[in-house]
Number of protein chains: 2
Amino acid sequence: MSSPQPVEVWFEFASSYSYLAVMRVEAAARAAGVPLQWRPFLLGPVFLSLGWNDSPFNIYPPKGRYMWRDMARLAAKYDIPFRLPSQFPRNALLAAQVACLGQTQPWIAAFARAAMRANFGEDRDIGQPEVIADILTALALPADTLIAEAQADDNAQALQRQTEQATALGIFGAPTFLVGGEMFWGNDRLEDTLAWACRPA
Amino acid sequence: MSSPQPVEVWFEFASSYSYLAVMRVEAAARAAGVPLQWRPFLLGPVFLSLGWNDSPFNIYPPKGRYMWRDMARLAAKYDIPFRLPSQFPRNALLAAQVACLGQTQPWIAAFARAAMRANFGEDRDIGQPEVIADILTALALPADTLIAEAQADDNAQALQRQTEQATALGIFGAPTFLVGGEMFWGNDRLEDTLAWACRPA
């Protein structure tokens, strides 16, 4: 039996369906024996490259109305907390910078879940540094140090490069899962992604 | 135990994901004891109302490239024939008119599957009346009569009204399933739709 291939998890903290995927992916991947590689990025520049200067859920109101109903139903199905955010999309730059800084650290999954839950489960403004600091502190991490490092030029540029890489890879939304050259888009594809990663070589 | 609610199946013959849903829905609904109400419509006017003069899969090339790969994978998973259409989207007006004429007839599901399979499984041009005639004849239906009735003013207008109703209902893509006031979008939501239809009243 060959080992499962690693899965890259491309996600954005302002993305509603990324929330559902981020809350589910670590447990599902562990159960399947699939290693994860976290890839936070910014959807804004990706959307701009498609000609959208806002979330398509805002640009196309019928899609947006449907998405929020779909989110509520899916969150109930998965037993994930959900509260309609009072602002959408939220500024997720700092959260993404922190996640980029920590994307190979043991705390990345817990941080990603906590920040996404703050946005979509608790209606907290993750664009506020105090909120990110609270989240880091609750994880027993040195909030001030990490936030300073996350905002430093090196790391800010690393996030920009990762975002450019997303566009170069043909990513057009989030979450997106990559397994080798195979792309799967959307929370709906998490199970198919893990099955693909476990296919015999 | 209460009876399952009926499910309206809104679909378009030129829509790739409608193909997967149309091929699966009758057997899945029968297994769940859910009655179906077929609602063929035209995506073109719906897309125009969103500002798109073509399929979004053509307007946004990364989405289109992904969709075709996703289609191939899903067709393999469901064991549904798939062949990349040499033209997309195809003119599906006549197919939709025939389906609208027959949407309460016993042959609707078989016709819908055959015409969708012609488009996405066999790369046949369903915009050609001969192709639609072939499909009807293979179902032992009177092709010439049905095509003439389908194109007559009364039925052509019925399809137009159904398409206007789709927009009025907030439908923005296909397939869309409606259960009472509950909307589910996409082949991915077929199972959730049937589960919803079977919820206790």
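This is a predicted model: local features need pLDDT of at least 70, side-chain atom pairs count only at pLDDT 80 or more; totals for chains, interfaces and linings use all residues.
Residues are numbered from 1 along each chain as its sequence is written, while chains are lettered from A and ligands numbered from 1 in the order of writing. Local features need pLDDT of at least 70 and side-chain atom pairs count only at pLDDT 80 or more, whereas totals for chains, interfaces and linings use all residues; side-chain values use heavy atoms, with hydrogens and water left out.

**Relation of the chains**

Two copies of a chain are related by a rotation about an axis and a shift along it. Here, chain B is superposed on chain A by a rotation of 180° with 0.0 Å of shift along the axis, at an RMSD of 0.0 Å. This is the relation of a two-fold axis. In chain B, the C-alpha nearest the axis belongs to B:Asp188, at 3.6 Å from it. The superposition is by least squares on the C-alpha atoms of residues with pLDDT of at least 70 in both copies. Of the interface residues of chain B, 100% are also interface residues in chain A, so the copies meet through the same surface.

**Aromatic pairs and charges over rings**

Over all chains, a search of the whole structure finds 34 aromatic pairs. Rings of Phe, Tyr and Trp (its six-membered ring) pair if their centres lie within 6.5 Å; planes under 30 degrees apart count as stacked, over 60 as edge-to-face and the rest as tilted. Two of the pairs are set out below.

| Pair | Centre distance | Plane angle | Class |
|---|---|---|---|
| A:Trp10 and A:Phe41 | 5.7 Å | 70° | edge-to-face |
| A:Tyr66 and B:Trp185 | 6.2 Å | 90° | edge-to-face |

Helices (H or I, at least four residues) and strands (E, at least two) are DSSP runs, numbered from the N terminus. A:Trp10 is buried, with a relative accessible area of 0%, and A:Phe41 is likewise buried at 0%. Buried means under 20% relative accessible area, exposed over 50%, and partly exposed in between (1.4 Å probe, protein chains only).

The other pair joins two chains, because A:Tyr66 lies in helix α4 (residues 61-78) of chain A and B:Trp185 in strand β4 (residues 182-185) of chain B. A:Tyr66 is buried at 6%, whereas B:Trp185 is partly exposed at 32%. Ring pairs also link A:Phe11, A:Phe13, A:Trp38, A:Trp107 and A:Phe111 into a cluster.

The charged end of B:Arg73 sits over the ring of A:Phe184, 3.7 Å from its centre. A charge sits over a ring if NZ of Lys or CZ of Arg is within 6 Å of the ring centre and within 35 degrees of the ring normal. The charged end of B:Arg24 is likewise placed over the ring of B:Tyr78, 4.1 Å from its centre.

Just after α1(B), B:Gly33 takes a positive phi of about 75°.

B:Tyr78 is found in helix α4 (residues 61-78) of chain B and counts as partly exposed at 23% relative accessibility. Leaving aside neighbours within four places in sequence, B:Tyr78 is in contact with B:Leu20, B:Arg24 and B:Asn187, contact meaning heavy atoms within 4.5 Å.
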